[in-house]
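Welcome, and thanks for taking a look at this one with us. The sequence and the model come next, followed by a short tour.

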Amino acid sequence: MELIIQGIFNGIFMGCIYALITLGLSIIFGVMNIVNFAHGSFVMLSMYFSYWISTIWGIDVSLTPVITFPLLFIIGIIVYYTMIDRTLRGHFTIQLAVTVGLMTFINATTLLIWKARPRAVVSKLIIGAVQIGDYTFALSRFIPAILSILFISITTLFLNKTWPGRTMQATSDDLDAAAIVGVDSRKTYALAFGLGTSLTALAGGLLMTFQQVEPTMGIRFGLLCMTILALAGLGSTAGILISGIIVGLSESLIILTWDPRARSIIVYAIFILVIWLRPRGLFGRK
Amino acid sequence: MISKKSCSLFFNKVQIVILISLMIFILAAKLPIFAQEKPGKIVVGGLHALTGPFAVYGEPARTSMEIAIEHVNESGGIQSLGGIPLELVFEDVGEDVMTSRLAAESLINKHKPVAVLGSMVSRFSTAISEITDREKVIYVSDALVDSLTEMGRQYLFRPGPKASIHGEVAVEYVLDMANKRGIPVENIAILNEDSSFGRSVAIGAVRASLNNNLTTVYQKEYPYDLNDVSPIVEGIRASKADFLVQAVYYMDGILFAKTFKELKMIPKFIAGMGASGYFDPDTIEALGESAEYFTNTISYNPAKDTPQNHKFVNDYLSRTGGMPNEAAGMSYYGLWTLKEALELSGNLFPEDPLNPDNLRNAFLQLDLTSGPAVDTFPVNHISFNATGDNIYAEAIVMQVIDGEPRVVWPFEDAEVEFVFPRPDTTY
């Protein structure tokens, strides 16, 4: 029983981090109606940036989002204006091709620069474990989970309480109506894409406290994000958090009690079931 | 009556016929000599991934094959064939089975090599071996999965220790160390990444644990792309395993090592078995102090104290700035093994030494106990059985001590004294 409870906590911690990774994809999809297949690759790219900043400048990897967040925001804006903006009025297959192409480009570039070797650094700030009774919690999961909830809450506040956030929601709800009241949809889209991309920097920095990064992991994170987003549906950040936790819990308990190879089967079985029974997701708006 | 003129003409004709017959006879007699005429060089093919995620093995392998070719040629080429030099041609096998197959086809069709070497990745090697067997080209493979030599390939030879030997060695040396320290170990945990190589290694470990009456208290296969391995680490702790043997790669090794350390759930010993994880320079750099005391088995001994090995290590260091890894070492002694087979084929079959069947026979009759191939091989004996495996193949063990991987087993070859049990063990 002790082992199961430990596994539940591990799953919740990982689920919170998964939710943070997915939040950016949700904003981009929600506002712009684009499925960004390169999202997982941006997570990987931000992890490489964190690795680089940490090893070159000696900054603890957990603090690197201070630099990578604005960096990824700028990259997101550039990608939007140079690639995405041109496809918005095109057929969805063009958008799909562009984001898949972007994913391939990022993956190939990282392979070229950092080679196939996995890269990792040791965080000096987030390391060790806390013992509470019979339970041991790795700080590299616990603190990122707490920070993920914090970042998700801040992003929710930004979306609900600030003018730029509300313009994003308005554009998402009704593009024409938003335009009538003076919302510049192009700038709003750029902001959404920049914000969605920069959120991967927060996740990347936190993941690097315990993970390694290698050039194939973008696809893995991309699929994971899409699963969580489809589970959650659009319009609820709390829904993304809960869906992330469902996925994290499923993975953890399957690995613990059954077979690590079966984790994808269970996660995607839940995904298929939800899509079948509730196509708009568990928390999606009608 | 036959006139004198007719008689003379007849004899002239007879003379011409005899002369032509003689010329034909001489030419015919000479033909085998022409067939034996030595080529100016012997082409050897290299098949490794130079792009994609497996270039991590391919690049070091290519460098060491280039060094080996230089060393062979410096030493006089293939002396039994009059000193013919070797020439290396290389093809990138890319990152999947299909590109491996195409690369093998392309290399063989374009360059007609007498033999090819490569490609470390088991599934690539399996695909390549189909082509080499069909084309009757000798294939010196450095892939370790057991099944590679169990498919009835005729022209395939593997000098290095197969995967299950790595598993057996991992268990045996932990027991050796425990015996030396007088520490009882009874419960074993076995983990492997779910590739065919990982499974072969785990089978070797299971076999060794059964032979040594160990109790397997935890055993799992896992995919390399797990995001969190805490549940596995906690499961091992709950099983109260005395030690863990694990087929671990680059990708998963860092995550596991960090998690063991962070959760402070460290058994008496954690032993890698093959697959390069835990002790490669990148992992050590990435883990810092957390890399200490991890071990892994390896098919090449960079510390082997022979002039040939020092020469190889020095040349490799001067070219790359780093020590040769397993892929590099295996390529080096693989090429020297081929050189020895070519020498033997030259002696045994001087009329047609490069014929694939003759070269195959030479491989099967090799019994090397000295020379450059043996000097860079983990043990001092190379001899192949009918399936193409080296019957004397053995792995050695390296342990990370003070941030450097050091040979600790077999004890007679050890660079430094092993550390057992781990000083940071928590249960």
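## A buried strand

Let's start inside: seven of the seven residues of strand 1 of chain B are buried, so this strand is largely enclosed by the rest of the structure. Here, buried means under 20% relative accessible area, exposed means over 50%, and partly exposed is in between (1.4 Å probe, protein chains only). Helices (H or I, at least four residues) and strands (E, at least two) are DSSP runs, numbered from the N terminus. In a regular strand the side chains alternate between the two faces of the sheet. In strand 1 of chain B, B:Ile42, B:Val44, B:Gly46 and B:His48 point one way, while B:Val43, B:Gly45 and B:Leu47 point the other way, and all are buried.

Before going on, a word on the ground rules: this is a predicted model, in which local features need pLDDT of at least 70 and side-chain atom pairs count only at pLDDT 80 or more, while totals for chains, interfaces and linings use all residues. Residues are numbered from 1 along each chain as its sequence is written, chains are lettered from A and ligands numbered from 1 in the order in which they are written, and side-chain values use heavy atoms, with hydrogens and water left out.

## The sheet around it

In chain B, five strands make an open sheet with parallel pairing, in the order 2-1-3-4-5. Strand 2 (86-92) and strand 5 (156-157) of chain B stand at the edges with a single partner strand each, so one side of each has no neighbour in the sheet. Two strands count as paired if DSSP finds at least two bridges between them.

Strand 1 of chain B is joined to strand 2 of chain B by seven bridges, and the two run parallel. In strand 2 of chain B, B:Leu86 is the bridge partner of B:Ile42. Strand 1 (residues 42-48) of chain B also pairs with strand 3 (residues 115-118) of chain B, over four bridges and again in the parallel sense. There, B:Val44 stands opposite B:Ala115.

## Helices on the sheet

Helix 4 (residues 122-134) of chain B packs on this sheet, touching strand 1, strand 3, strand 4 (138-141) and strand 5 of chain B. Contact means heavy atoms within 4.5 Å. The direction of helix 4 of chain B makes about 160° with that of strand 4 of chain B. Helix 12 (residues 356-365) of chain B lies across strand 4 and strand 5 of chain B, at about 40° to strand 4 of chain B. For these angles, axes are lines fitted to C-alpha atoms (for helices over the stretch in contact), and values run from 0 to 180 degrees between N-to-C directions.

## Salt bridges

Side chains of opposite charge can pair when their charged atoms come close. A salt bridge is a side-chain nitrogen of Lys or Arg within 4 Å of a carboxyl oxygen of Asp or Glu, and the structure holds 29 of them over all chains. One of these pairs B:Lys41 with B:Glu87, with the closest N and O atoms 3.4 Å apart. B:Lys41 lies in the loop between helix 1 (4-36) and strand 1 of chain B and B:Glu87 in strand 2 of chain B, so the pair ties together parts 46 residues apart in sequence. B:Lys41 is partly exposed at 42% relative accessible area, and B:Glu87 is partly exposed at 30%.

Another salt bridge joins B:Lys261 and B:Asp424, with the closest N and O atoms 2.8 Å apart. This pair links distant parts of the chain, 163 residues apart: B:Lys261 is in helix 8 (residues 250-263) of chain B, and B:Asp424 is in the segment after strand 12 (404-409) of chain B. B:Lys261 is partly exposed, at 31%, whereas B:Asp424 counts as buried, at 17%. Salt bridges with shared partners also join A:Asp259, A:Arg261, B:Arg199 and B:Glu221 into one network.

## A surface patch on chain A

A:Trp52, A:Ile56, A:Trp57, A:Leu112 and A:Ile113 make a nonpolar surface patch of about 600 Å². Helix 2 (39-57) and helix 4 (92-114) of chain A each give two or more residues to the patch, and helix 2 of chain A gives the most, with three. A:Trp57, found in helix 2 of chain A, is exposed at 60% relative accessible area.

Patches are made of residues with over 30% relative accessible area and no salt bridge; like charges are joined within 9 Å, and nonpolar side chains (Val, Leu, Ile, Met, Phe, Trp, Tyr) within 5 Å. Accessible areas come from the Shrake-Rupley method with a 1.4 Å probe, and for residues only the protein chains shown count as cover.
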